[in-house]
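Here's a quick briefing on a protein model, put together for someone who likes cut-offs spelled out. Have a look at the structure first, then read on.

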Amino acid sequence: MCGNGSYLFETFNSHCVTSEDLAINICIAIAAVFIVVINVMALVTLRSCPDMDDPSNYFITNLAAADALTGIFVLYDTVYNVLQFKNYIECVVRVGFFAAVNLASVLNLTTLTLDRYVKITCPFAYLRHVSFVKVKVIEGMLWSLSIIVGSLPFFGWSSMDISKVCSVFGIMTSSYQLFLISLFAVPFVVIIYAYVKLVIIAREHTREITSLQGPNVRGRNILKTWRSVKTAFIIVGAYFICWMPVGLFTLLVLLTNIRASLPTSPNVVFTYLLGLGVLNSVLNPIIYATKIPVFRKRLRTVFCVSRVEHIHQMSVRSAASLFRMEPSSPRRQTATSLNDDLS
(Lines give C-alpha, C1' and ligand atoms only; values in the text may rest on other atoms or scores of the structure.)
Protein backbone atom coordinates (compact mmCIF):
# COMPACT_ATOMS: atom_id res chain seq x y z
CA MET A 1 0.00 0.00 0.00
CA CYS A 2 1.08 3.58 -0.67
CA GLY A 3 1.25 5.01 2.80
CA ASN A 4 3.66 7.83 2.03
CA GLY A 5 2.03 11.14 1.15
CA SER A 6 4.49 11.73 -1.72
CA TYR A 7 2.69 9.15 -3.88
CA LEU A 8 -0.10 10.34 -6.16
CA PHE A 9 -2.00 7.07 -6.55
CA GLU A 10 -1.69 3.30 -6.51
CA THR A 11 -2.07 1.14 -9.62
CA PHE A 12 -1.98 -2.61 -10.31
CA ASN A 13 0.10 -4.89 -8.09
CA SER A 14 0.30 -2.16 -5.41
CA HIS A 15 2.56 -0.04 -7.61
CA CYS A 16 2.84 3.48 -6.21
CA VAL A 17 3.13 6.35 -8.70
CA THR A 18 4.91 9.53 -7.66
CA SER A 19 4.65 12.95 -9.26
CA GLU A 20 8.17 12.46 -10.66
CA ASP A 21 7.17 9.15 -12.27
CA LEU A 22 4.12 10.74 -13.87
CA ALA A 23 6.02 13.80 -15.12
CA ILE A 24 8.83 11.72 -16.63
CA ASN A 25 6.43 9.41 -18.42
CA ILE A 26 4.39 12.32 -19.76
CA CYS A 27 7.60 13.80 -21.24
CA ILE A 28 8.50 10.42 -22.72
CA ALA A 29 4.99 10.10 -24.17
CA ILE A 30 5.29 13.53 -25.84
CA ALA A 31 8.64 12.51 -27.32
CA ALA A 32 7.07 9.26 -28.54
CA VAL A 33 4.27 11.16 -30.28
CA PHE A 34 6.88 13.32 -32.02
CA ILE A 35 8.76 10.18 -33.12
CA VAL A 36 5.59 8.72 -34.62
CA VAL A 37 4.55 11.97 -36.33
CA ILE A 38 7.89 12.79 -37.98
CA ASN A 39 8.46 9.22 -39.16
CA VAL A 40 4.90 8.81 -40.47
CA MET A 41 5.39 12.09 -42.33
CA ALA A 42 8.57 10.70 -43.88
CA LEU A 43 6.81 7.41 -44.67
CA VAL A 44 3.79 8.99 -46.36
CA THR A 45 5.89 11.56 -48.24
CA LEU A 46 8.35 9.01 -49.57
CA ARG A 47 5.60 6.57 -50.57
CA SER A 48 4.08 9.30 -52.75
CA CYS A 49 7.46 10.41 -54.06
CA PRO A 50 7.89 10.04 -57.85
CA ASP A 51 11.48 8.87 -57.24
CA MET A 52 10.33 5.88 -55.20
CA ASP A 53 12.01 3.55 -57.71
CA ASP A 54 15.33 4.59 -56.23
CA PRO A 55 16.34 1.77 -53.84
CA SER A 56 17.79 4.28 -51.38
CA ASN A 57 14.35 5.85 -50.91
CA TYR A 58 12.84 2.41 -50.30
CA PHE A 59 15.41 1.73 -47.56
CA ILE A 60 14.65 5.12 -45.99
CA THR A 61 10.92 4.32 -46.13
CA ASN A 62 11.42 1.06 -44.25
CA LEU A 63 13.71 2.83 -41.79
CA ALA A 64 10.94 5.36 -41.14
CA ALA A 65 8.42 2.53 -40.68
CA ALA A 66 10.64 0.82 -38.10
CA ASP A 67 11.24 4.09 -36.25
CA ALA A 68 7.50 4.88 -36.25
CA LEU A 69 6.83 1.47 -34.68
CA THR A 70 9.50 2.29 -32.10
CA GLY A 71 7.59 5.45 -31.22
CA ILE A 72 4.35 3.47 -30.86
CA PHE A 73 6.12 1.02 -28.55
CA VAL A 74 7.51 3.85 -26.40
CA LEU A 75 4.02 5.37 -26.16
CA TYR A 76 2.59 2.04 -24.98
CA ASP A 77 5.53 1.53 -22.62
CA THR A 78 4.78 4.79 -20.82
CA VAL A 79 1.31 3.43 -20.07
CA TYR A 80 2.89 0.28 -18.63
CA ASN A 81 5.37 2.31 -16.57
CA VAL A 82 2.43 3.91 -14.79
CA LEU A 83 0.05 0.95 -14.49
CA GLN A 84 2.66 -1.82 -14.02
CA PHE A 85 0.24 -4.68 -14.74
CA LYS A 86 1.87 -8.09 -14.43
CA ASN A 87 1.30 -10.64 -17.19
CA TYR A 88 3.92 -13.00 -18.58
CA ILE A 89 2.55 -13.14 -22.14
CA GLU A 90 2.26 -9.36 -22.33
CA CYS A 91 5.75 -9.01 -20.94
CA VAL A 92 7.55 -11.26 -23.43
CA VAL A 93 5.52 -9.88 -26.37
CA ARG A 94 6.24 -6.27 -25.42
CA VAL A 95 9.96 -6.79 -24.80
CA GLY A 96 10.25 -8.95 -27.93
CA PHE A 97 8.43 -6.35 -30.03
CA PHE A 98 10.81 -3.67 -28.79
CA ALA A 99 13.82 -5.81 -29.73
CA ALA A 100 12.32 -6.54 -33.16
CA VAL A 101 11.53 -2.95 -34.20
CA ASN A 102 14.86 -1.60 -32.98
CA LEU A 103 16.74 -4.39 -34.74
CA ALA A 104 14.76 -3.64 -37.91
CA SER A 105 15.71 0.04 -37.59
CA VAL A 106 19.41 -0.75 -37.14
CA LEU A 107 19.44 -3.29 -40.00
CA ASN A 108 17.73 -0.80 -42.34
CA LEU A 109 20.29 1.81 -41.33
CA THR A 110 23.03 -0.68 -42.23
CA THR A 111 21.52 -1.62 -45.60
CA LEU A 112 21.10 2.05 -46.42
CA THR A 113 24.79 2.58 -45.65
CA LEU A 114 25.80 -0.41 -47.78
CA ASP A 115 23.51 0.82 -50.58
CA ARG A 116 25.33 4.14 -50.57
CA TYR A 117 28.71 2.40 -50.36
CA VAL A 118 28.08 0.12 -53.37
CA LYS A 119 26.50 2.95 -55.36
CA ILE A 120 29.65 5.06 -54.96
CA THR A 121 32.35 2.40 -55.16
CA CYS A 122 30.80 0.22 -57.92
CA PRO A 123 28.30 2.42 -59.78
CA PHE A 124 28.08 0.30 -62.94
CA ALA A 125 27.73 -2.97 -61.05
CA TYR A 126 25.08 -1.28 -58.90
CA LEU A 127 23.03 -0.35 -61.98
CA ARG A 128 23.36 -3.86 -63.41
CA HIS A 129 22.59 -5.93 -60.33
CA VAL A 130 20.50 -3.82 -57.95
CA SER A 131 16.80 -3.85 -58.84
CA PHE A 132 13.64 -2.86 -57.02
CA VAL A 133 12.59 -6.51 -56.73
CA LYS A 134 15.89 -7.48 -55.09
CA VAL A 135 15.57 -4.58 -52.68
CA LYS A 136 12.10 -5.80 -51.68
CA VAL A 137 13.49 -9.30 -51.10
CA ILE A 138 16.26 -7.87 -48.92
CA GLU A 139 13.76 -5.86 -46.91
CA GLY A 140 11.56 -8.92 -46.48
CA MET A 141 14.55 -10.85 -45.14
CA LEU A 142 15.47 -8.03 -42.73
CA TRP A 143 11.96 -7.78 -41.30
CA SER A 144 11.65 -11.56 -41.07
CA LEU A 145 14.95 -11.79 -39.19
CA SER A 146 13.89 -8.99 -36.82
CA ILE A 147 10.53 -10.64 -36.10
CA ILE A 148 12.16 -14.03 -35.50
CA VAL A 149 14.71 -12.54 -33.08
CA GLY A 150 11.97 -10.60 -31.28
CA SER A 151 9.75 -13.68 -30.93
CA LEU A 152 12.46 -15.87 -29.38
CA PRO A 153 11.56 -14.85 -25.78
CA PHE A 154 7.93 -15.78 -26.48
CA PHE A 155 8.99 -19.25 -27.64
CA GLY A 156 11.06 -20.02 -24.56
CA TRP A 157 14.31 -18.01 -24.60
CA SER A 158 13.24 -16.03 -21.54
CA SER A 159 12.99 -16.11 -17.77
CA MET A 160 9.75 -16.64 -15.87
CA ASP A 161 10.83 -14.11 -13.25
CA ILE A 162 8.28 -11.27 -13.36
CA SER A 163 7.46 -11.53 -9.65
CA LYS A 164 7.60 -7.75 -9.28
CA VAL A 165 7.42 -6.00 -12.67
CA CYS A 166 8.17 -6.85 -16.27
CA SER A 167 11.71 -5.70 -16.98
CA VAL A 168 14.49 -6.42 -19.46
CA PHE A 169 16.79 -7.99 -16.89
CA GLY A 170 13.88 -9.84 -15.32
CA ILE A 171 12.37 -11.45 -18.43
CA MET A 172 15.41 -11.82 -20.72
CA THR A 173 18.06 -14.43 -20.03
CA SER A 174 21.70 -13.39 -20.00
CA SER A 175 22.42 -15.43 -23.13
CA TYR A 176 19.59 -13.73 -25.06
CA GLN A 177 20.80 -10.28 -24.02
CA LEU A 178 24.35 -11.07 -25.16
CA PHE A 179 22.88 -12.35 -28.42
CA LEU A 180 21.04 -9.04 -28.92
CA ILE A 181 24.15 -7.00 -28.15
CA SER A 182 26.09 -8.90 -30.79
CA LEU A 183 23.33 -8.28 -33.33
CA PHE A 184 23.49 -4.55 -32.64
CA ALA A 185 27.30 -4.45 -32.57
CA VAL A 186 27.83 -6.03 -36.00
CA PRO A 187 25.86 -3.30 -37.88
CA PHE A 188 27.81 -0.65 -35.99
CA VAL A 189 31.13 -2.12 -37.19
CA VAL A 190 29.80 -2.39 -40.75
CA ILE A 191 28.59 1.24 -40.73
CA ILE A 192 31.93 2.52 -39.42
CA TYR A 193 33.89 0.51 -41.99
CA ALA A 194 31.70 1.66 -44.89
CA TYR A 195 31.87 5.35 -44.04
CA VAL A 196 35.60 5.28 -43.33
CA LYS A 197 36.12 3.74 -46.77
CA LEU A 198 33.85 6.36 -48.35
CA VAL A 199 35.82 9.17 -46.72
CA ILE A 200 39.10 7.68 -47.99
CA ILE A 201 37.66 7.34 -51.51
CA ALA A 202 36.38 10.93 -51.40
CA ARG A 203 39.84 12.20 -50.41
CA GLU A 204 41.48 10.23 -53.23
CA HIS A 205 39.01 11.59 -55.77
CA THR A 206 39.59 15.11 -54.47
CA ARG A 207 43.34 14.69 -54.85
CA GLU A 208 42.98 13.40 -58.41
CA ILE A 209 40.60 16.19 -59.41
CA THR A 210 42.89 18.80 -57.87
CA SER A 211 45.90 17.46 -59.76
CA LEU A 212 43.97 17.65 -63.04
CA GLN A 213 42.29 21.02 -62.56
CA GLY A 214 45.10 22.85 -60.81
CA PRO A 215 45.48 24.53 -57.41
CA ASN A 216 42.71 27.07 -58.04
CA VAL A 217 40.00 24.55 -57.17
CA ARG A 218 41.89 23.00 -54.26
CA GLY A 219 39.99 24.96 -51.62
CA ARG A 220 36.61 24.06 -53.13
CA ASN A 221 37.51 20.37 -53.31
CA ILE A 222 38.74 20.35 -49.72
CA LEU A 223 35.42 21.87 -48.67
CA LYS A 224 33.50 19.12 -50.45
CA THR A 225 35.66 16.46 -48.81
CA TRP A 226 35.09 18.00 -45.40
CA ARG A 227 31.33 17.97 -45.99
CA SER A 228 31.42 14.26 -46.74
CA VAL A 229 33.56 13.65 -43.64
CA LYS A 230 31.15 15.70 -41.53
CA THR A 231 28.14 13.76 -42.82
CA ALA A 232 29.88 10.48 -42.04
CA PHE A 233 30.71 11.62 -38.52
CA ILE A 234 27.10 12.71 -37.96
CA ILE A 235 25.71 9.35 -39.08
CA VAL A 236 28.17 7.19 -37.17
CA GLY A 237 28.20 9.52 -34.18
CA ALA A 238 24.40 9.51 -33.89
CA TYR A 239 24.31 5.73 -33.84
CA PHE A 240 27.24 5.55 -31.41
CA ILE A 241 25.90 8.13 -28.96
CA CYS A 242 22.38 6.70 -28.97
CA TRP A 243 23.10 2.98 -28.57
CA MET A 244 26.56 2.61 -27.06
CA PRO A 245 25.53 3.55 -23.46
CA VAL A 246 22.75 0.93 -23.51
CA GLY A 247 25.07 -1.77 -24.81
CA LEU A 248 27.91 -0.98 -22.39
CA PHE A 249 25.61 -0.86 -19.38
CA THR A 250 24.00 -4.17 -20.34
CA LEU A 251 27.44 -5.77 -20.65
CA LEU A 252 28.44 -4.40 -17.24
CA VAL A 253 25.31 -5.83 -15.63
CA LEU A 254 25.79 -9.22 -17.26
CA LEU A 255 29.55 -9.60 -16.84
CA THR A 256 30.34 -7.71 -13.62
CA ASN A 257 28.92 -7.16 -10.15
CA ILE A 258 27.80 -3.60 -10.84
CA ARG A 259 24.32 -4.29 -9.41
CA ALA A 260 25.71 -4.11 -5.87
CA SER A 261 27.13 -0.60 -6.39
CA LEU A 262 24.06 0.90 -8.06
CA PRO A 263 21.87 3.13 -5.86
CA THR A 264 18.79 1.86 -7.69
CA SER A 265 17.64 -1.11 -9.74
CA PRO A 266 19.58 -1.76 -12.99
CA ASN A 267 16.21 -1.81 -14.75
CA VAL A 268 15.67 1.85 -13.82
CA VAL A 269 19.11 2.84 -15.16
CA PHE A 270 18.48 0.80 -18.31
CA THR A 271 15.15 2.58 -18.88
CA TYR A 272 16.78 6.00 -18.75
CA LEU A 273 19.67 4.95 -21.00
CA LEU A 274 17.16 3.49 -23.41
CA GLY A 275 15.88 7.01 -23.95
CA LEU A 276 19.13 7.75 -25.80
CA GLY A 277 18.59 4.71 -28.02
CA VAL A 278 15.07 5.79 -28.83
CA LEU A 279 16.43 9.24 -29.72
CA ASN A 280 18.02 7.58 -32.75
CA SER A 281 14.49 7.14 -34.15
CA VAL A 282 14.18 10.94 -34.19
CA LEU A 283 17.60 11.55 -35.68
CA ASN A 284 17.24 9.03 -38.52
CA PRO A 285 14.56 10.95 -40.49
CA ILE A 286 16.35 14.24 -39.77
CA ILE A 287 19.66 12.91 -41.12
CA TYR A 288 18.34 10.93 -44.09
CA ALA A 289 14.86 12.02 -45.11
CA THR A 290 15.56 15.75 -44.90
CA LYS A 291 18.13 15.30 -47.66
CA ILE A 292 15.24 14.51 -50.02
CA PRO A 293 13.73 17.74 -51.47
CA VAL A 294 10.11 16.57 -51.38
CA PHE A 295 10.36 15.74 -47.67
CA ARG A 296 12.04 19.06 -46.87
CA LYS A 297 9.14 20.79 -48.61
CA ARG A 298 6.63 18.80 -46.55
CA LEU A 299 8.44 19.76 -43.32
CA ARG A 300 8.34 23.44 -44.26
CA THR A 301 4.62 23.15 -44.94
CA VAL A 302 3.81 21.34 -41.69
CA PHE A 303 5.84 23.71 -39.53
CA CYS A 304 4.17 26.73 -41.17
CA VAL A 305 7.27 28.16 -42.86
CA SER A 306 5.65 28.25 -46.29
CA ARG A 307 2.36 29.43 -44.76
CA VAL A 308 4.07 32.40 -43.13
CA GLU A 309 5.67 33.29 -46.47
CA HIS A 310 2.28 32.93 -48.20
CA ILE A 311 0.57 35.19 -45.63
CA HIS A 312 3.31 37.78 -46.06
CA GLN A 313 2.88 37.72 -49.84
CA MET A 314 -0.90 38.00 -49.52
CA SER A 315 -0.60 40.98 -47.19
CA VAL A 316 1.73 42.75 -49.63
CA ARG A 317 -0.62 42.01 -52.52
CA SER A 318 -3.56 43.34 -50.52
CA ALA A 319 -1.66 46.55 -49.93
CA ALA A 320 -0.90 46.74 -53.63
CA SER A 321 -4.59 46.29 -54.47
CA LEU A 322 -5.43 49.30 -52.30
CA PHE A 323 -3.11 51.41 -54.41
CA ARG A 324 -4.78 50.13 -57.58
CA MET A 325 -8.11 51.45 -56.31
CA GLU A 326 -6.76 55.03 -56.26
CA PRO A 327 -7.43 57.09 -59.41
CA SER A 328 -4.03 58.73 -59.32
CA SER A 329 -1.84 57.63 -62.21
CA PRO A 330 1.52 57.54 -60.38
CA ARG A 331 0.08 55.32 -57.63
CA ARG A 332 -1.49 53.06 -60.24
CA GLN A 333 1.89 52.69 -61.90
CA THR A 334 3.55 51.90 -58.56
CA ALA A 335 0.95 49.31 -57.66
CA THR A 336 1.25 47.69 -61.09
CA SER A 337 5.03 47.42 -60.86
CA LEU A 338 4.81 46.04 -57.31
CA ASN A 339 2.29 43.46 -58.39
CA ASP A 340 4.51 42.44 -61.32
CA ASP A 341 7.44 41.96 -58.93
CA LEU A 342 5.39 39.72 -56.64
CA SER A 343 3.98 37.54 -59.44
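**Aromatics, salt bridges and helix packing**

Phe154 is partly exposed, at 39% relative accessible area; on this scale buried means under 20%, exposed over 50% and partly exposed in between, using a 1.4 Å probe and protein chains only. This is a predicted model, so local features need pLDDT of at least 70 and side-chain atom pairs count only at pLDDT 80 or more, while totals for chains, interfaces and linings use all residues. Residues are numbered from 1 along each chain as its sequence is written, and side-chain values use heavy atoms, with hydrogens and water left out.

**Overall layout**

- The protein chain has 12 helices and 2 strands, which are DSSP runs numbered from the N terminus (helices: H or I, at least four residues; strands: E, at least two).
- Reading from the N terminus, the order is β-β-α-α-α-α-α-α-α-α-α-α-α-α.
- Out of 343 residues in the protein chain, 39% count as buried.

**Aromatic pairs**

- The whole structure holds 10 aromatic pairs, meaning rings of Phe, Tyr and Trp (its six-membered ring) with centres within 6.5 Å; planes under 30 degrees apart count as stacked, over 60 as edge-to-face and the rest as tilted.
- One of them is the tilted pair Phe73 and Phe97, at 6.4 Å centre to centre with 40° between the planes.
- Phe73 sits in helix α2 (residues 55-83) and Phe97 in helix α3, so this pair ties together parts 24 residues apart in sequence.
- Phe73 is buried at 7% relative accessible area, whereas Phe97 is partly exposed at 34%.
- Phe154 and Phe155 make an edge-to-face pair, 5.3 Å centre to centre and 90° between planes; Phe155 is exposed, with 64% relative accessible area.
- Phe73, Phe97 and Phe98 belong to one aromatic cluster.

**Salt bridges around Arg94**

- The count is 3 salt bridges, where a side-chain nitrogen of Lys or Arg must be within 4 Å of a carboxyl oxygen of Asp or Glu.
- Asp77 bridges to Arg94, with 2.5 Å between the closest N and O atoms; since Asp77 is in helix α2 and Arg94 in helix α3, the pair ties together parts 17 residues apart in sequence.
- Arg94 also meets Glu90 in a salt bridge (2.8 Å, N to O), and these two are 4 residues apart in helix α3, about one helical turn.
- That links Asp77, Glu90 and Arg94 in a network of salt bridges.
- What about burial? Asp77 is buried at 15% relative accessibility, Glu90 at 14% and Arg94 at 7%.
- Arg94 also lies over the face of Tyr80, 3.8 Å from the ring centre; the rule asks for NZ of Lys or CZ of Arg within 6 Å of the ring centre and within 35 degrees of the ring normal.

- The 29 residues of α2 should span 42 Å at 1.5 Å a residue, and its end C-alpha atoms are 43 Å apart, which agrees; the expected span is 1.5 Å times one less than the number of residues.
- Of those 29 residues, 21 are buried, so α2 is largely enclosed by the rest of the structure.
- Gln84 follows α2 and has a positive phi, near 55°.
- Gly96, in helix α3 (residues 88-121), is buried at 3% relative accessible area.
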